[in-house]
Structure formats: structure tokens, C-alpha cells
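Hi there,

Here is the structure I promised to send over. Have a look at it first, and then read on for what turned up.

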Amino acid sequence: MSDKGNVGGGLGAGFLVGSALGIALALLFAPYRGKRTRQLVMDKVSHVWDQGVEAFEETREEIDEMAEKASKRVGEVMKRAVKEGYSENNLGV
């Protein structure tokens, strides 16, 4: 199986690493008090969330493209099989 087979695991790991990085950065800015600290934390969380959403959308697009290619290939194989004299019943369809 190719390295692209575990996209979901990579996305989850990336989200966790990004979250940890955001928290670490927020703690580095901890000398700020109250509202300022909360705003910094929310900004970091928002940024990590946006990256996760973007990665998810890119992954979904890649999966859609792979599914479309697979569907076309199956259609080509079926046409070729029928052309060579196999019926759909002989193919187990």
C-alpha cells in the first residue's frame, strides 16, 4: 500500500501537533493577563482549526479524484471484457 493510504492518521497527527504547538505558544505568552491571554489562545486555536479544515478539504478532493479515476478504469475494463466476448454474467456482475 502506498504512503497516501493513511491520510486520516496523518491529518489527526497533524491536528494534535498543531494543537500542542498552539498551546505551547500560548503558554509562552502567559505573562499577559486575563482577556489578552484568552484572545491569544483563541487566535492559536482558530489558526490550528483552520489548518485542519484546509487539510481535510484537500484530502477529500484527492479521494474524490481517486474514486473518479477508479470508476473510469472499471468502466474501461468492463467495456473491454464485453468486447472480447465476456458477458456481464460471466464476469460475476
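E68 forms a salt bridge with K72, and their closest N and O atoms are 3.4 Å apart. Please keep in mind that this is a predicted model.

Why can these two side chains meet? E68 and K72 sit 4 residues apart in helix α2, which covers residues 34-83, so about one helical turn separates them. As a general point, an α-helix has 3.6 residues a turn, so residues three or four places apart point the same way. Side chains of opposite charge can then pair when their charged atoms come close. The cut-off for exposed is over 50%.

How many salt bridges does the structure hold? There are 3. Another joins R73 to E76, with 3.5 Å between the closest N and O atoms. R73 and E76 are 3 residues apart in helix α2, so here too the separation is about one helical turn. E76 is partly exposed, with a relative accessible area of 45%.

There is also a salt bridge between E84 and R80, whose closest N and O atoms are 3.0 Å apart. R80 is exposed, at 56% relative accessible area.

**The chain as a whole**

Stepping back, the protein chain contains 2 helices and 0 strands. Of its 93 residues, 10% are buried. The chain exposes about 8000 Å², and carbon and sulfur atoms supply 59% of that area.

Helix α2 has 50 residues. From its first C-alpha to its last it reaches 74 Å, close to the 74 Å expected at 1.5 Å a residue. Which residues of α2 are buried? They are T37, L40, V48, G52, T59 and A81. Just after α2 comes G85, which takes a positive phi of about 105 degrees.

- A24 lies in helix α1 and is partly exposed, at 35% relative accessibility. A24 and K44 are 20 residues apart in sequence, and their C-alpha atoms are 9.9 Å apart in space.
- H47 belongs to helix α2 and is partly exposed, with a relative accessible area of 47%. H47 and S19 are 28 residues apart in sequence, with 9.3 Å from C-alpha to C-alpha.

The nonpolar patch is made by F15, L16, W49 and V53, and has an area of about 410 Å². V53 is one of the patch residues; V53 lies in helix α2 and is partly exposed, at 32% relative accessible area.

D50 is located in helix α2, where D50 counts as partly exposed at 46% relative accessibility.

**To sum up**

If you only have a minute, here is what I would look at:

- the salt bridge between E68 and K72 in helix α2, about one helical turn apart;
- G85, with its positive phi, just after α2.

Happy to go through any of this with you at the screen.

Best wishes

Definitions and conventions:
Residues are numbered from 1 along each chain as its sequence is written. This is a predicted model: local features need pLDDT of at least 70, side-chain atom pairs count only at pLDDT 80 or more; totals for chains, interfaces and linings use all residues. Side-chain values use heavy atoms; hydrogens and water are left out. Buried means under 20% relative accessible area, exposed over 50%, partly exposed in between (1.4 Å probe, protein chains only). Accessible areas come from the Shrake-Rupley method with a 1.4 Å probe; for residues, only the protein chains shown count as cover. A salt bridge is a side-chain nitrogen of Lys or Arg within 4 Å of a carboxyl oxygen of Asp or Glu. Patches are made of residues with over 30% relative accessible area and no salt bridge: like charges are joined within 9 Å, nonpolar side chains (Val, Leu, Ile, Met, Phe, Trp, Tyr) within 5 Å. The expected span of a helix is 1.5 Å times one less than its number of residues.
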